[in-house]
Amino acid sequence: MTPETLFSIAGAVVLPGWALLVFAPRWKWSAHLLAPVVIPALLGVLYVSLLVTHYRGAQGGFGSLAEVRRLFDQPALLLAGWVHYLAFDLFIGSWEVRDARRAGLRHGLVIPCLLLTLLFGPAGLLSYLVVRSVRLRRLSIDGEEGPT
């Protein structure tokens, strides 16, 4: 299969997870199994497959921006990087939903954060952490009292 085809498949696999987090966050399978475990695991299989079949002998590396650029000049490894984003962003989005539920935050406040996490990863996580901190008036995320 071509990297372009796999790119399309990976995008199609991840979207139902995001839809479940936005539209069915309380369904027991959404934020506890499908979005944080099943879908990222499927993407993980694709990621590892791409690395095993294309990383050996690849040009580039992670020591400088120029090396990363050379590494990602190879379509299969660029796809692996994209799959990495897809899996981790969905995992973070599912954490946001579970954490918001534990913290007693309304889901309506989380939805814009989820959309930002889907589109811009760390910006979405940052927005969730800001919303959470403002609403709960604390910075800690583990349930214990932390600095306020």
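**Reading salt bridges and pockets**

Me: How does R102 count here, buried or exposed?

Reply: R102 counts as exposed, with a relative accessibility of 58%, and the cut-off for that label is over 50%. Keep in mind that this is a predicted model.

Me: Which residue forms a salt bridge with R102?

Reply: That's D99, and the closest N and O atoms of the two are 3.8 Å apart. D99 and R102 sit three residues apart in helix α4, so about one helical turn separates them.

Me: How many salt bridges turn up in the whole structure?

Reply: Two. The other pairs D99 with R132, at 2.4 Å from N to O. Here the partners come from distant parts of the chain: D99 is in helix α4 and R132 in helix α6 (residues 122-136), 33 residues apart. R132 is buried too, at 3% relative accessibility. Put together, D99, R102 and R132 form a linked network of salt bridges.

Me: And how do I read pockets?

Reply: The general idea is to roll a probe the size of a water molecule over the atoms, which shows where empty space is left. In this model, the largest pocket holds about 230 Å³ of space. It has 13 lining residues, with W82, L86, D89, L118 and L119 nearest its centre. Helices α1 (3-23), α4 (75-103) and α5 (107-120) each give two or more residues to that lining.

Me: What classes of residue line the second largest pocket?

Reply: Nine nonpolar, two polar and no charged ones. That pocket's volume is about 170 Å³, and α4 supplies the largest share of its lining, five residues.

Terms used: Residues are numbered from 1 along each chain as its sequence is written. This is a predicted model: local features need pLDDT of at least 70, side-chain atom pairs count only at pLDDT 80 or more; totals for chains, interfaces and linings use all residues. Side-chain values use heavy atoms; hydrogens and water are left out. On a 1 Å grid over the protein atoms alone, a cavity is a set of points where a 1.4 Å probe fits but cannot get out, and a pocket is an open set with protein on both sides within 12 Å along at least five of seven lines; lining residues have an atom within 4 Å of a point. Grid points are joined across faces, edges and corners, and a volume is the space filled by probe spheres set on the points. Helices (H or I, at least four residues) and strands (E, at least two) are DSSP runs, numbered from the N terminus. Ala, Val, Leu, Ile, Met, Phe, Trp, Tyr, Cys and Pro count as nonpolar, Asp, Glu, Lys and Arg as charged, and the others, Gly among them, as polar. A salt bridge is a side-chain nitrogen of Lys or Arg within 4 Å of a carboxyl oxygen of Asp or Glu. Buried means under 20% relative accessible area, exposed over 50%, partly exposed in between (1.4 Å probe, protein chains only).
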